[in-house]
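Try each task before you read its solution.

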Amino acid sequence: MPSLKDLKNRIESVKSTRKITKAMQMVAAAKLRRAQEAAEQSRPYTERFNAVMAGLAASVGGSDSAPKLLSGTGSDQVQLLIVMTSERGLCGGFNTNIAKLARAHAQRLQGDGKEVKILTVGKKGRDQLKRDFGDLFVGHVDLTEVKRVGYADAQGIAKDVLGRFDTGEFDVATIFYSKFVNVVSQIPTAQQIIPASFEEQEGDEASTLFDYEPDEEAILADLLPRGVATQIFSALLENGASEQGARMSAMDNATRNAGEMIDNLTIEFNRSRQAVITNELIEIISGAEAL
Amino acid sequence: MADTVQFDLVSPERLLASAQVTAVQIPGADGDMTAMADHAPTITTLRPGLLVTEGPDGTSEYVVTGGFAEISARGISVLAERAIPKGDVTKADHEAMVKEAEEALENAKTAFENEPGPVDDAAKLLADMVAVGDHITV
């Protein structure tokens, strides 16, 4: 049975924890709004880019001279997994879910006899994958110092990845990130970025015949590296929104749990105080009776 | 009054401009072109340069560094990697861009010693970047 003093201390400490989680929840909510806006504003670019690329890829894709970024190296022996996670913890299952998906993917590839290489973005995912795949890491991108993810960050990652591709370090690259659906649900997603795959869009858009200047292949060669950067950028933004969403609901839960805990502790505190008073009374009365 | 056409200027981070315009001057990789309403559907890559739009509300100018433009029946979309309204470009911005291009040229020189193609491209990029400086009056 803890003493009254102990109980009081515990109540106080849980109360201050609740204050912290509440504050974190509100900060996450504000950041989430910003992250969502950023994701929204990048959408027109991504959509149009993909539409143009789909058209181009369809017209050039069949030929032998198609760039390697589009047609692949003809092998899928060496696989690069780009695992994007957050730099900070306390965001529920966010990082764990991404790491779990990446781990399952890596194990399946290894089972098929493929060589796996891992590039991590964000230190939380790195920490989680280190034990199982530490020797497969080929690089790490640190975004701790980055307050707001910009296109330049995505370009930096893309440059690194493309450099590795050019030197033949890998054949297929897949990015792992979390798609933002809403505050309570983020879906860990795997997306292949090299060789590029663009979804054909049905409709009149695809049937328009464009003049290309310079020719189609030159444009494609110019745009494919940008496409990689664009996909990484939109994944980073989705991930940013997901992280804040996950943190917000995790902190909401924590705040509620702390509230419950405070209620329980307060009841226990009151009971033991009452017990102490009753005890003292009994002692006094029995002392008086004995006289 | 000439016909107007929908014009969108988007960068990866946001939609910069969306307006009805009568003509757009695009710094295409193979040369500048002016697109007006009912232009033939065209896709072109951009070189660093000045993008000028003319519309009922006056003209506006942007410095773009690369990307591509899509001219279709629906309108003109310019997807620029970086686009800044001309008035907002500072000398420091321009110097940073030129420096970046210079570094790219150096890298290309070391990476492609026996291939003139990429080196020439990088040199052209640098020349274009420098030329942008003539447009901005700082």
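**Exercise 1: two packed helices**

H3(A) and H4(A) cross in the right-handed sense (a crossing is left-handed if the near helix is turned anticlockwise from the far one by less than a right angle, and right-handed if clockwise). Before going on, note that this is a predicted model, in which local features need pLDDT of at least 70, side-chain atom pairs count only at pLDDT 80 or more, and totals for chains, interfaces and linings use all residues. Residues are numbered from 1 along each chain as its sequence is written, while chains are lettered from A and ligands numbered from 1 in the order in which they are written.

Task: describe how helix H3 (residues 94-111) of chain A and helix H4 (residues 123-133) of chain A pack.

Solution. Step 1: find the helices; helices (H or I, at least four residues) and strands (E, at least two) are DSSP runs, numbered from the N terminus. Step 2: take the geometry, an angle of about 35° with the axes 9 Å apart. Here axes are lines fitted to C-alpha atoms, for helices over the stretch in contact, and angles run from 0 to 180 degrees between N-to-C directions. Step 3: look at the contact residues, among them A:Ala99 and A:Ala102 of H3(A) and A:Leu129 and A:Phe133 of H4(A). Two residues are in contact if their C-beta atoms, placed from the backbone, lie within 7 Å.

**Exercise 2: a residue in a strand**

Task: is A:Ala173 buried or exposed?

Solution. Step 1: locate A:Ala173 in strand E4 (residues 172-182) of chain A. Step 2: recall that a residue is buried if 20 or more other C-beta atoms lie within 10 Å of its own, exposed if 12 or fewer, and partly exposed in between, with C-beta atoms placed from the backbone. Step 3: A:Ala173 is buried because it has 26 C-beta neighbours inside 10 Å. Step 4: leaving out residues up to four places away in sequence, A:Ala173 touches A:Leu80, A:Ile82, A:Val161, A:Ile193 and A:Ile194. The C-alpha atom of A:Ile194, 21 residues along the chain, is 4.9 Å from that of A:Ala173.

**Exercise 3: where the chains meet**

Task: how many residues of chain B are in contact with chain A, and which strand supplies the largest share?

Solution. Step 1: 22 residues of chain B contact 22 residues of chain A. Step 2: E5(B) gives the largest share of this side of chain B, four residues. Step 3: strand E6 (residues 211-213) of chain A pairs with E5(B) in the parallel sense over three bridges; strands pair if DSSP finds at least two bridges between them. Step 4: B:Thr42 in E5(B) is the bridge partner of A:Asp211.
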